[in-house]
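Please consult the sequence and the structure shown below alongside the text.

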Amino acid sequence: MYVRRSTFGLICAACLCAGSALADDDHPIGEAVHTLPLFDAHIHYKQPAWDAYPPSSVIELMDKNGVAMSLVSSTPDEGTIKLLEYAPDRIVPELRPYHGSAGSSNWTKSPGMEDYLLERLDKYPHEGLGEFHIHRIDPTDEPLLRKVTEMARSRNIPIHIHSGAAPVDLLYRLEPALTIIWAHAGMSEPAIVVEEMMAKHPTLYADTSFREFDILSSGQRLDPDWERVLKRFSKRFMVGTDTWINDQWARYSELISINRQWLSLLPREIAERIAYKNAETLFGRSISNQQIGTR
Ligand SMILES: [Zn+2]
């Protein structure tokens, strides 16, 4: 049981300068983090997982770990639809371009990609476009990327991109009204770059999958740069695991536990946002522990 205390008078000038959304209680949430439902913002249900982890097993893993809802994209998209059909109240589907021979390094050059995306967006209730990779900027990709950004904007759904900072800037240049989820919070971009990008683009969100050990420094503390960025932009981060290979499914409980570990070091209000409330806002859902064990 934590004693709530008003810290308003103690808030440092640096926090105010950083424009952080101020919590009325700066005390870490601690063990109470285990009572929070989670929204896992980076799930894949790829074909090699379908036999080893049928939809019932995936939902059981979510239940066991207090994951109330997930943002799912798959290679191919049929994986996402399988999960959605099994547990429509637990899955937020997004459309990944990868299928057949179109993968992370060549999807923008794949013949018929625009038609494929349009057809699947019309057929299924996708609420995001991605996760897709842009490894490097190629001007010949721009016509397709412009169409992809237009698909997202006209449907009012976010784009979920795995890239460095430059492709995020490019997408915003093509379509300033976009909402973007930056996969792995930029993956290898340092916290300071993530901070600059969040400051520059007010509709940029990020999932923190694969950043657990950047956020957690040794000795059970938050890395100071990450702590600053997470607090300053606490309304735009979401936790995620990234089940890109079956090994990640095998480690799912461990991954969730590491996520709860760093969340436990944040004040309750901020931990709740990153755990599930930001996803509620972004996807217009209501997320609670009541969903655990249902579908
Ligand atoms: Zn991924």
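In which sense do E5 and strand E6 pair, and over how many bridges? The pairing of E5 with strand E6 (residues 180–182) is parallel and comprises three bridges. The model is a predicted one, and the points below are grouped by topic.

- Strand E5 spans residues 159–162 and is covered on both faces. Ile-159 and Ile-161 are buried on one side, and His-160 and His-162 are buried on the other.
- In general, side chains of a regular strand alternate between the two faces of the sheet.
- Strand E4 (residues 129–133) is paired with E5 in the parallel sense, over four bridges.
- Ile-161 in E5 stands opposite Phe-132, and its bridge partner in E6 is Trp-182.

**Crossovers around E5**

- A right-handed β-α-β unit is made by E4, helix H6 (residues 142–155) and E5.
- From E5 the chain crosses through helix H7 (residues 165–174) to E6, and this β-α-β crossover is also right-handed.

**The sheet E1-E2-E3**

- An open sheet is formed by three strands in the order E1-E2-E3, with parallel pairing.
- Strand E2 (residues 67–73) pairs with E3 in the parallel sense over three bridges. Val-72 has Pro-93 as its bridge partner in E3.
- Helix H13 (residues 268–283) lies across E1, E2 and E3 and runs at about 70 degrees to E1.

**Packing of H3 and H4**

- Helix H3 (residues 55–64) packs against helix H4 (residues 78–86) at an angle of about 70 degrees, and the two axes are 9 Å apart.
- Because angles of 65 to 115 degrees count as roughly perpendicular, H3 and H4 are therefore classed as roughly perpendicular to each other.
- The crossing in which H3 passes H4 is right-handed.
- Pro-55, Val-58 and Ile-59 of H3 make the contact with Lys-82, Leu-83 and Tyr-86 of H4.

**Packing of H8 and H10**

- Helix H8 (residues 191–200) and helix H10 (residues 224–232) have axes 9 Å apart and pack at an angle of about 15 degrees.
- Why are H8 and H10 described as roughly parallel? Angles under 35 degrees count as roughly parallel, and H8 and H10 are therefore assigned to that class.
- H8 passes H10 in a left-handed crossing.
- On the H8 side, Ala-191, Ile-192, Val-194 and Glu-195 meet Asp-225, Trp-226, Val-229 and Arg-232 in H10.

- Arg-90 is located in the loop between H4 and E3.
- Is Arg-90 buried or exposed? It has 23 C-beta neighbours inside 10 Å and so counts as buried, the threshold being 20 or more.
- Apart from neighbours within four places in sequence, Arg-90 is in contact with Ile-59, Met-62, Met-69, Ser-70, Gln-291 and Arg-295.
- Arg-90 and Glu-212 are separated by 122 residues in sequence and by 24 Å in space, C-alpha to C-alpha.

Note on methods. Residues numbered from 1 in each chain as written. Predicted model: local features only at pLDDT ≥ 70, side-chain atom pairs only at ≥ 80, totals over all residues. Buried ≥ 20, exposed ≤ 12 C-beta atoms within 10 Å, placed from the backbone. Helix = DSSP H or I, 4+ residues; strand = E, 2+ residues; numbered from the N terminus. Pairing = 2+ DSSP bridges. Right-handed = clockwise from strand over helix to strand, strands pointing away. Contact = placed C-beta atoms within 7 Å. Axes fitted to C-alpha atoms, helices over the stretch in contact; angles between N-to-C directions. Parallel < 35°, antiparallel > 145°, perpendicular 65-115°, else oblique. Left-handed = near helix turned anticlockwise from the far one by under 90°.
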